[in-house]
Amino acid sequence: MTKTTFTPRVFSGIQPSGGLTLGNYLGAIKRFVDMQGPDFETIYCMVDLHAISTWQDPTDLAHNTRELCAGFIAAGIDPEKSILINQSQVPEHAQLGWIFNCVARMGWMQRMTQFKDKAGKNAQNVSLGLFGYPALMAADILVYHATHVPVGEDQKQHLELTRDIAAKFNHDYKVDFFPMTEPVIEGAATRVMSLRDGSKKMSKSDPSDASRINMTDDADTIAKKIRKAKTDPDALPSEADGLKDRPEARNLVNIYAALSDSSVDQVLAEVGGKQFGAFKPMLAELAVAKLSPISGEMARLMAEPDEIDRILSKGSLRAREITAPILRKTYDIVGMVGPV
Ligand code: AMP
Ligand code: TRP
């Protein structure tokens with residue numbers, strides 16, 4: 001079989017299940033912005049169908065979807081250069097998701113650590129959607145034949161499953177139809193940790209607001225959270241090796257490096273030897289300088305929700321020009337009789 005070549009295409013998504021955090025920004029959105037340009041077609045998605053795998057109040061879901069869209073645009077995603085959509089407006093995601101429910105195996109899904117973490121001891125009581133979540137995620141990506149997916153470290157296992165689903169589909173139907181998507185997990189902040197506990201991921205669902213920086217926090221709140229962030233009593237090292245076994249110190253240095261577009265080594269060359277009492281104000285100043293313009297622009301965009309809705313419906317029309325033919329071809333491969 002001759003190998004198909006696929007158009008270089010980027011897809012990624014974020015759940016509109018709460019506010020955006022610094023983890024989402026550094027691990028995902030900032031990198032979505034970097035990937036816009038002549039090398040790739042870029043499609044970015046608010047995954048509202050995924051969000052309802054855990055309960056979402058309808059009013060909050062609509063608000064969070066628009067706010068996430070505002071966050072994307074405020075951070076530098078240009079709706080002319082990239083396709084911006086909410087998942088439910090492009091029905092082919094859910095349609096391909098069903099096909100993939102029939103490709104993925106129970107055993108594969110049972111191994112997903114995100115499911116195990118989210119279900120906890122409550123596994124009998126969570127939704128079926130939470131269990132099937134990664135098959136829909138594979139459909140999000142493969143319904144575009146996307147070749148590259150920028151995400152944070154926590155999504156790595158889901159992207160491996162996406163490749164397994166593509167490979168099994170191609171194998172079972174003897175086709176070379178779905179690409180082997182590449183995860184793009186790069187940069188200094190692929191896993192931003194909680195400010196209160198360096199062993200836990202910074203997350204919008206952490207009960208402690210002090211554990212995270214929200215994209216909507218004002219300058220004083222950002223500075224206060226950084227000042228109160230957990231650290232250790234030692235000075236900063238001059239080399240990355242010295243951050244081993246110092247998770248909180250490493251986290252703050254990673255955040256500084258990602259916000260300033262430099263490497264951990266470059267940051268330590270500058271701040272090595274300083275105490276946290278001196279480093280934290282530098283970090284707070286940098287964070288405020290980078291994040292305030294974004295939160296200001298988000299607030300401005302949120303004052304015109306109709307404009308956001310127009311961007312999303314226009315995006316979905318562009319998206320469907322890609323997804324409808326790929327879904328139709330998938331149905332043909334599977335043997336679904338189509339319209340004449
Ligand atoms: P979620 O908020 O779970 O929908 O995540 C959306 C994107 O943000 C995914 O690409 C995640 O990997 C990324 N992300 C979420 N939290 C973090 C974090 N603490 N550090 C780095 N990336 C993150
Ligand atoms: N599972 C991702 C998260 O929670 C969100 C997501 C859904 C996604 N579909 C995707 C990310 C497709 C990348 C590509 O972070």
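Start by selecting Asp176: this residue is buried, with a relative accessible area of 18%. The cut-off for buried is under 20%, so Asp176 falls inside it. Keep in mind that this is a predicted model.

Stay on Asp176 and show the backbone around it. Asp176 sits in the loop between α8 (156-172) and β5 (182-184). A polar atom of the Asp176 side chain lies 2.8 Å from the backbone nitrogen of Thr4. Next, pick Thr5. Thr5 and Asp176 are 171 residues apart along the chain, yet their C-alpha atoms are separated by 9.9 Å.

Move on to ligand 2. The space that ligand 2 takes is the largest pocket.

Now display the shell itself. There are 13 residues around ligand 2, and the nearest are Gln15, Tyr133, Met137, Asp140 and Gln155. By class, the shell holds seven nonpolar, five polar and one charged residues.

- Asp140: an N or O atom of its side chain is 2.7 Å from a nitrogen atom of ligand 2.
- Gln155: a polar side-chain atom lies 3.0 Å from a nitrogen atom of ligand 2.
- Gln15: a polar side-chain atom lies 3.2 Å from an oxygen atom of ligand 2.

Finish with a surface view. On its own, ligand 2 has 370 Å² of accessible area, and the protein covers 91% of it.

Terms used
Residues are numbered from 1 along each chain as its sequence is written. Chains are lettered from A and ligands numbered from 1 in the order in which they are written. This is a predicted model: local features need pLDDT of at least 70, side-chain atom pairs count only at pLDDT 80 or more; totals for chains, interfaces and linings use all residues. Side-chain values use heavy atoms; hydrogens and water are left out. A residue is near a molecule or strand if one of its heavy atoms lies within 4 Å of it. A polar contact is a pair of N or O atoms within 3.5 Å; within protein, one must be able to donate a hydrogen and the other to accept it, and residues adjacent in sequence count only if both atoms are side-chain atoms. Accessible areas come from the Shrake-Rupley method with a 1.4 Å probe; for residues, only the protein chains shown count as cover. On a 1 Å grid over the protein atoms alone, a cavity is a set of points where a 1.4 Å probe fits but cannot get out, and a pocket is an open set with protein on both sides within 12 Å along at least five of seven lines; lining residues have an atom within 4 Å of a point. A molecule sits in a cavity or pocket if more than half of its atoms lie within 2 Å of its grid points. Ala, Val, Leu, Ile, Met, Phe, Trp, Tyr, Cys and Pro count as nonpolar, Asp, Glu, Lys and Arg as charged, and the others, Gly among them, as polar. Helices (H or I, at least four residues) and strands (E, at least two) are DSSP runs, numbered from the N terminus. Buried means under 20% relative accessible area, exposed over 50%, partly exposed in between (1.4 Å probe, protein chains only).
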